[in-house]
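Visitor: I have the model open and some time to look around. Can you walk me through it?

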Amino acid sequence: MSLPFIWDTFVALLAGVPVTLQLTIISVLTGMVLALILAVLRLSPSKLTRFLVSTYVFAFRGSPMLVQIFLIYYGLGQFKATLQDLHLWFWFRDPYFCVLLALSLNTAAYGCEIIRGGLQSVPAQQVEAGRACGMSGLLLFRRITLPIAARNIVPIYGNEIILMVKGTALASTVTIMEITGIAAKLISETYRAFEVFAAAGAIYLLINFFLMRLIGLVEHAMSPHLRHTQGPSEPVEAIVTTH
Amino acid sequence: MIDYLKLFGTGPDGWGDDLAIGAAITIAVAIVGFFLGAVFGSLVAWARLAGNLPLRLFGEGYTTVLRGIPDLLVIYLFYFGGSAALGAIMGLFGNQGFVALPSFAVGAAAIGVVSAAYQAEVFRASFTALSKGEMEAARAAGMHKWLMFRRIIVPQLLRHAIPGLGNVWLLVVKESALVSVTGLAELMRTTQLAAGSTRLPFDFYLAGALIYLAITIFSTLLFAQAERRSRRGFREAMR
Amino acid sequence: MTVIPAVSLCDIRKKFGHLEVLKGVSFDAKEGDVISILGSSGSGKSTMLRCINMLEVPTSGTVSIHGEQIATRVKNGSTVPANSRQVDRIRSDVAMVFQSFNLWSHMTILQNVIEAPIHVQNRPRKECIAEAEALLEKVGIADKRGAYPSELSGGQQQRAAIARALAQKPKVLLFDEPTSALDPELVGEVLTVMRALANEGRTMLVVTHEMGFAREVSDRILFLHKGQIEVDGRPDEIFTKGMNAQFDQFTSRVH
């Protein structure tokens, strides 16, 4: 266990941080937009639409992310000729694009459920109170439902973002040199797994720490009415959502 | 035209039997990992709930660290680190070079260590959800701690924990796909080999995904059944 | 020859942090006594009852059941029972009925009733089941033996809790506001069962707000105010006005 070695490793791994963060931010933002669309579609009156969205959500939450990445990166290579004709091959042969696509589609599935859960958790009495004073439709949604739902959603979506940071590690399996990719290379070169693990782990924990702080700030800013009371404890199920 | 029947069949060129074996190994490593995680997770939960300050800090640190670090990194640690440690020991006996650890053991251990962090949180939340009144009634009836634990606390803990444990199980199944990096011939690795060998990656990765989904559906049904049985008395109370 | 009291409290004091809830409470309960314990919230009546089976441990003072004093000692600045086996044994002989019933939710009514007799008192299963059935019959819910607590009404649950307490064959029965959590129309069925028990000659200590029950069924009434027993006497004696200022205030407010 040599400290100078850990430090050198730490510095070497930092090169992967921008890649990790890029992957995280782009996939989370894209996924969030997609999740919003899916969540709205989930409420559609058409049974077919609802079924399609549920199937999408089930497919991406029920299978390992690794399979999803490989399916897009390697699997679509089977249709190289077709994609070339559509001028799309340039995108689909790039591992970075494929990983982003896979991560976005994946987080969109979880995000859809989070948003849906948040909307459903708005107490009916509050909506009723809004109706009682004459609000309806878009106004009701905008002024009452969405703000209340958003406050419920932020902490859970925050957790999802942290999970996506972990998800970016899978990019290393398709040659992308983010933190875990560099770590794997270092381990296979030096065989000093413990030290490299410690350094890489520390970096991820630091990223998580700052992310949690950030999310906490957003929560705090959104909830002036809760500042004097203790928040409710997480439901048991919410503690264990992951990919 | 590809003959799918032959491709996924059990003949010499068919990958059907290999995929089935892969799926079986996936489930096996997931089960072993899950149980290891349950044992270790309950210890960590106990440390967080009933331990002195150093134990509580250890428990909290453990759950924070292992839920914040990518599972892939943990697997690399166990695989390369374990092999290095084993290599060092073997080196004492004059063995040179890389000694690979059995990938099943490594995979199950890594899964166990990570899922323990999640299971600890499930157990901890379940414990705090226990009804104080019912425990008081047990004390008032003269039950000593071990009897109360056995007859009142454990059944209720399980009732509260089953949904959360169901989620952890699904997590474990998906994590088992990462164990493929150790070379273990579970479903993911088998799919990879088939995809490479037949140059039909889409067909096989899709098949793999579908098999994982089948495992997910089956597990979800199983846990829903378990939940229903454990909730026998509580359906009314949930209204 | 002095009769050994069933329950004997001697100068019980109880502090929660800086708050002294019981400030020196003493009384003896003879076997067969039905004692109602009245008082406003915060008077310490529930705390006093819970000291009897050591669910609360008195900061100082002694509790004796049928002449056996429950041993306590001081540990890390607070008083704790000295011998947990003694406490378990005594608790087995002193049964408690709680305000919120506290039936074990994962067991059927019958299982609730036979639990302590089988696992704490180690009596044979067949005997316990037979007795449990008889007790459930007695409190009027024999048909609910296979149901779970959540399927019963409040009144039924409390009667099941009473059956569970009786199954322990206790020497003393403690009731901690047994009807306070019940809807008004369900209170009657529970009081009826309690009246029957009183008539059987059981030793009962009942913390309650039900003045009617206190007046008509008890042998003795204790009135607590701010941690002390202000009034201790027979119902026909103490309900005359002018005996005690606080008690008069209490009764006028409750009625």
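Guide: A definition before the helix pairs: axes are lines fitted to C-alpha atoms, for helices over the stretch in contact, and angles run from 0 to 180 degrees between N-to-C directions. Note also that this is a predicted model.

Visitor: Fine. At what angle do the axes of H3 and H7 of chain A cross?

Guide: Helix H3 (residues 47-62) and helix H7 (residues 95-120) of chain A cross at roughly 120°, and their axes come within 9 Å. Angles of 65 to 115 degrees would count as roughly perpendicular and those over 145 as roughly antiparallel, so H3(A) and H7(A) are oblique to each other.

Visitor: And the crossing of H3(A) and H7(A), left-handed or right-handed?

Guide: The crossing is left-handed.

Visitor: Which residues meet there?

Guide: From H3(A) there are Tyr56(A), Val57(A), Phe60(A) and Arg61(A). They meet Leu105(A), Asn106(A), Ala109(A), Tyr110(A), Cys112(A) and Glu113(A) of H7(A). By class, this contact has seven nonpolar, one polar and two charged residues.

Visitor: How many helices and strands does chain A have?

Guide: Chain A has eleven helices and zero strands. Its C-alpha atoms fill a box of roughly 70 × 55 × 25 Å along the principal axes.

Visitor: What percentage of chain A is buried?

Guide: Of its 243 residues, 36% count as buried. As for sequence separation, take the contacts in chain A between residues at least 6 apart: 79% of them join residues at least 24 apart.

Visitor: Switching to chain C. What is the strand order in the open sheet of four strands?

Guide: The order is S2-S1-S4-S5 in chain C, with antiparallel pairing. Strand S2 (19-29) and strand S5 (68-69) stand at the edges with a single partner strand each, so one side of each has no neighbour in the sheet.

Visitor: How many bridges hold S5(C) to S4(C)?

Guide: Two bridges, in the antiparallel sense, between S5(C) and strand S4 (residues 60-65) of chain C. The bridge partner of Ile65(C) in S5(C) is Glu68(C). Helix H1 (residues 45-52) of chain C packs on this sheet and touches strand S1 (7-16), S2 and S4 of chain C. The direction of H1(C) makes about 120° with that of S1(C).

Visitor: What about S9(C), how many of its residues are buried?

Guide: Five of five, for strand S9 (residues 172-176) of chain C. On one side the buried residues are Val172(C), Leu174(C) and Asp176(C).

Visitor: Which strands does S9(C) bridge to?

Guide: Strand S8 (residues 94-97) of chain C is joined to S9(C) by four bridges, and the two run parallel. Strand S10 (residues 203-207) of chain C is joined to S9(C) by five bridges, again parallel. Leu174(C) stands opposite Met96(C) and has Leu205(C) as its bridge partner in S10(C).

Visitor: Last topic, chain C against chain B. How many residues of each are in contact?

Guide: 23 residues of chain C are in contact with 22 residues of chain B. Helix H2 (84-93) and helix H3 (109-119) of chain C each supply at least two residues of the chain C side.

Visitor: Which element gives the largest share of that side?

Guide: H2(C), with five residues. By class, the side of chain C that touches chain B has eight nonpolar, ten polar and five charged residues.

Notes: Residues are numbered from 1 along each chain as its sequence is written. Chains are lettered from A and ligands numbered from 1 in the order in which they are written. This is a predicted model: local features need pLDDT of at least 70, side-chain atom pairs count only at pLDDT 80 or more; totals for chains, interfaces and linings use all residues. Two residues are in contact if their C-beta atoms, placed from the backbone, lie within 7 Å. Ala, Val, Leu, Ile, Met, Phe, Trp, Tyr, Cys and Pro count as nonpolar, Asp, Glu, Lys and Arg as charged, and the others, Gly among them, as polar. Angles under 35 degrees count as roughly parallel, over 145 as roughly antiparallel, 65 to 115 as roughly perpendicular and the rest as oblique. A crossing is left-handed if the near helix is turned anticlockwise from the far one by less than a right angle, and right-handed if clockwise. Two strands pair if DSSP finds at least two bridges between them. A residue is buried if 20 or more other C-beta atoms lie within 10 Å of its own, exposed if 12 or fewer, and partly exposed in between; C-beta atoms are placed from the backbone.
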